[in-house]
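The following exercises concern a protein model, each with a solution worked step by step. Please study the sequence and the coordinates before reading the solutions.

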Amino acid sequence: MRRRNLAWWLYQPYKYLVVIPVLAVATVIFASIGAIFPFFTRSRTASRFSGVPWARVMAWVTPMRVQVEGREHIDPSQSYVLVSNHQSQYDIFALYGWLGVDFKWVMKKELRNVLGIGVACDRLGHIYIDRSNHAAAVATLDDAKKKIVDGTSVIFFPEGTRSRSGKLKVFKKGAFRMAIDLGLPILPLTIVGTRDVLPAGTSDLMPGVARLVIHPPVSVEGCTAEDCNRLSDEVRAIIASSLPDGG
């Protein structure tokens with residue numbers, strides 16, 4: 001639990017009177033844009049006018065400052081399988097607002113039922129999977145592969161859920177299987193500091209600074225399904241290298 005010092009107490013009125021109302025209003029506005037714009041333009045353009053400003057508004061009002069390192073490792077014309085650690089709900093704002101890559105989220109199907117956001121994400125082409133049904137999840141990912149072209153990427157949180165301790169959890173293999181199947185490089189991402197802004201499983205929000213580290217891509221050329229464990233270990237080590245105490 002966070003220490004409740006003077007700064008914490010002073011922030012609470014602002015959180016309840018400003019941040020939470022702005023979050024609600026901004027989510028409604030930008031979810032509506034995300035749901036409507038794809039009828040008239042490409043999902044990539046719709047995402048740029050909905051997800052990106054939504055994330056930046058929320059980071060600004062919190063406030064959370066985001067520092068980006070390694071942007072030179074991104075080729076705008078290349079599609080990637082993006083793989084990131086996951087510490088906080090604010091990871092979403094850091095990635096959407098500052099990564100600068102058009103991507104599709106892989107998310108659990110239950111999020112489709114979230115009012116406003118579920119419809120918007122569906123219209124923007126994000127990918128819902130049924131974690132309780134392996135065959136259905138595989139079929140969904142197979143169908144989604146056609147979206148990952150022409151510089152549009154797909155992003156995974158291979159830990160599956162947010163880490164409450166900040167330590168990296170065991171990686172699931174879906175991201176690495178997809179990278180091999182599509183022949184796409186893996187782009188490891190490390191997010192640092194969002195756990196201090198909003199710890200997993202709490203509403204204990206505070207201002208802070210986040211770092212988004214973009215590592216060099218990892219090639220899957222010549223890899224087969226048998227290489228999933230090796231790739232998972234390699235990418236996990238890369239991501240951990242930018243975490244405090246090595247993850």
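Predicted model: local features only at pLDDT ≥ 70, side-chain atom pairs only at ≥ 80, totals over all residues.

**Exercise 1. Determine which residues Leu 189 contacts beyond its neighbours within four places in sequence.**

Step 1. Take contact as heavy atoms within 4.5 Å. With those neighbours left aside, Leu 189 is in contact with Leu 82, Val 83, Ser 84, Asn 85, Leu 95, Leu 99, Ile 155, Leu 212, Val 213, Ile 214, His 215 and Ile 239.

Step 2. A nonpolar core is a set of buried Ala, Val, Leu, Ile, Met, Phe, Trp, Tyr and Cys residues joined through side-chain atoms within 4.5 Å; buried means under 20% relative accessible area, exposed over 50%, and partly exposed in between (1.4 Å probe, protein chains only). The largest such core has 43 residues, and Leu 189 is one of those that touch the most other members, together with Met 64, Leu 82, Leu 95 and Leu 99.

Step 3. Identify the contributing elements. Helices (H or I, at least four residues) and strands (E, at least two) are DSSP runs, numbered from the N terminus. Two or more residues of this core come from each of H1, H3, E1, H4, strand E3 (103-108), strand E6 (186-192) and strand E7 (208-214).

Step 4. Note that another core, of 29 residues, lies apart from the largest one; its members include Val 154, Leu 168, Cys 228 and Ile 239.

**Exercise 2. Describe the course and surroundings of helix H1 (residues 6-36).**

Step 1. A side-chain oxygen of Asn 5 lies within 3.3 Å of the backbone nitrogen of Ala 7 at the start of H1.

Step 2. Among the buried residues of H1 are Trp 8, Tyr 11, Phe 30 and Ile 33. Helices H3 (51-61), H4 (90-98) and H5 (117-123) are included in what covers the buried residues of H1.

**Exercise 3. Locate the cis peptide bond.**

Step 1. The bond from Thr 62 to Pro 63 is cis, with omega near -10°.

Step 2. Pro 63 lies in the loop between H3 and E1.

How values were computed
Residues numbered from 1 in each chain as written. Heavy atoms only, no water. Polar contact = N/O pair within 3.5 Å; in protein donor to acceptor, adjacent residues only side chain to side chain.
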